[in-house]
Amino acid sequence: MTKLVHDGTPEGIHAAVTGWLELNWTTEAERGANASDEGMRAWLTKVRDAGLATPSWPEEWFGLGISARKAGIIEKAFRARKAHGWGRDRFHLGAISVFKMGSEELKREVLPDLLAGPICCLLYSEPNAGSDLAGVRTRAEQDGDEFVVNGQKVWTSNAVEADYGMLLARTNWDVPKHKGLTFFLFPMRQDGVEIRPINQITGESEFNEVFITDARVPARYAIGEVSEGWKSFQTAIAYERLIMAQGGTERRGRQNEPTTPLLIDLARRKNRIDDTSLRQKIAQAIAYRQLNSLNNKRAKAEIAENGASSLMSLGKLAMSRIQHGDARVAAEVLGPEALLSGTPNPDAANASFDAAKAYMNSIGGGTDQIQRNIISERILGLPKDDAVDRDLPFKDVKTG
Ligand SMILES: Cc1cc2nc3c(=O)[nH]c(=O)nc-3n(C[C@H](O)[C@H](O)[C@H](O)COP(=O)(O)OP(=O)(O)OC[C@H]3O[C@@H](n4cnc5c(N)ncnc54)[C@H](O)[C@@H]3O)c2cc1C
């Protein structure tokens, strides 16, 4: 399979990608991709090889070397056809981290595979290290050209489906907590990795506890330098916050659809569109989203230049408020109907699902309170919170 041929203009890219999809995303390909993991992998391989999974990356790294704006044309064409595999340069945190911070050797070894399917979960939080993530106690000890890993992670989304995890583990206990961490691409499917699903308020079970006992990760799978993992992690979390800052509510079967157009539709269908108070609230919701998308553009530019951006915390915090706000407006449009649930009441079921799911953005990827701390310290330049353990060797930090 060869790369997509295009003339570099927006019109040329649009014509090329729609032609490519016409030829390749046939009913048969769609059925195959949806039928099995192998079918999906075959399709994703095709998308990767055409440069369409990561169009903003350079040509030698599976991309087309086009701007993010032009890559959006490809994304739009894929979305319109409901085709899979687009936007891995925007949403696949494992692939992005390896591409941005991995060694040349690691990139050559794992990127082809990462782009053709495997889910990568995030092995960050632990029972005693959530907001204070630099306090992780999962240990990785070098044994020849491998590290042996022991510890427990929690709230790990999609761990059951994941082939790899982005693992934050402690490799040096003699230095302060931010300094002795290593960021690994960790193979999940091995003895010594036990996954226990957690049930959620939404009725889903997306996240898990992960118990790691004498599991192994090759030393070459370190992303960035050994014991310098906090730096690599900062870049990875900046991309995660960027994704969350852009995110619409993920609703069953309606992934990443922004809620605001749905609010207008809901108000129309419920004959509430002429209610001036509601119209004002919907308009406010639209204004917040517009404002947030402008802020995200600033943050994206900063990440591209510096590898990380504190501005992303503003976007993520704003998206929390937007999602909670949208859920409240939906409930107001529905009135008492919002209390119903189940398949006979899809509007109410969606509204209560969105209200519960809004907490995902308020907690996952760092809580709203932590984003406020980051904004106050790194953007507004206010003094840092007191921290007794910041400069102590981690092995001397007292725990309760
Ligand atoms: C939907 C979802 C998906 C997630 N997926 C993953 C995943 O895939 N991988 C992963 O590793 N983790 C994941 N998490 C976990 C998430 O990152 C943590 O829950 C989060 O960082 C908070 O940590 P904690 O739960 O330990 O709470 P704690 O850190 O114990 O915080 C408890 C409360 O205290 C507040 N608080 C703590 N410290 C401060 C402070 N210094 N200043 C002000 N307030 C403070 C917090 O804001 C919070 O309200 C997910 C969480 C959710 C909700």
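Me: Which domains is the protein divided into?
Reply: In this predicted model, the protein is split into domain 1 (10–91), domain 2 (119–227) and domain 3 (247–379).

Me: What distance separates the centres of domain 1 and domain 3?
Reply: Taken over C-alpha atoms, the centres of domain 1 and domain 3 are 28 Å apart.

Me: On to helix H1. What should its 15 residues span, and how far apart are the end C-alpha atoms?
Reply: H1 covers residues 10–24, and at 1.5 Å a residue it should span 21 Å. Its end C-alpha atoms are 21 Å apart, which agrees.

Me: Which residues of H1 are buried?
Reply: Ile13, Ala16, Val17 and Trp20. Seen down the axis of H1, these buried residues fall within an arc of 90 degrees, so they line one face of the helix.

Me: Why would residues with that spacing point the same way?
Reply: An α-helix has 3.6 residues a turn, so residues three or four places apart point the same way.

Me: And what do the buried residues of H1 pack against?
Reply: Helix H4 (68–80).

Me: Switching to H2 and H3. At what angle do they pack?
Reply: Helix H2 (residues 27–35) and helix H3 (residues 37–49) pack at about 125 degrees, and their axes are 5 Å apart. H2 and H3 are therefore oblique to each other.

Me: Which residues make the contact?
Reply: From H2, Ala29, Gly32, Ala33 and Ala35. From H3, Gly39, Met40, Ala42 and Trp43.

How values were computed: Residues are numbered from 1 along each chain as its sequence is written. This is a predicted model: local features need pLDDT of at least 70, side-chain atom pairs count only at pLDDT 80 or more; totals for chains, interfaces and linings use all residues. Domain bounds come from an automatic or database domain assignment. Helices (H or I, at least four residues) and strands (E, at least two) are DSSP runs, numbered from the N terminus. The expected span of a helix is 1.5 Å times one less than its number of residues. A residue is buried if 20 or more other C-beta atoms lie within 10 Å of its own, exposed if 12 or fewer, and partly exposed in between; C-beta atoms are placed from the backbone. The arc is that of the directions from the helix axis to the C-beta atoms. Two residues are in contact if their C-beta atoms, placed from the backbone, lie within 7 Å. Axes are lines fitted to C-alpha atoms, for helices over the stretch in contact, and angles run from 0 to 180 degrees between N-to-C directions. Angles under 35 degrees count as roughly parallel, over 145 as roughly antiparallel, 65 to 115 as roughly perpendicular and the rest as oblique.
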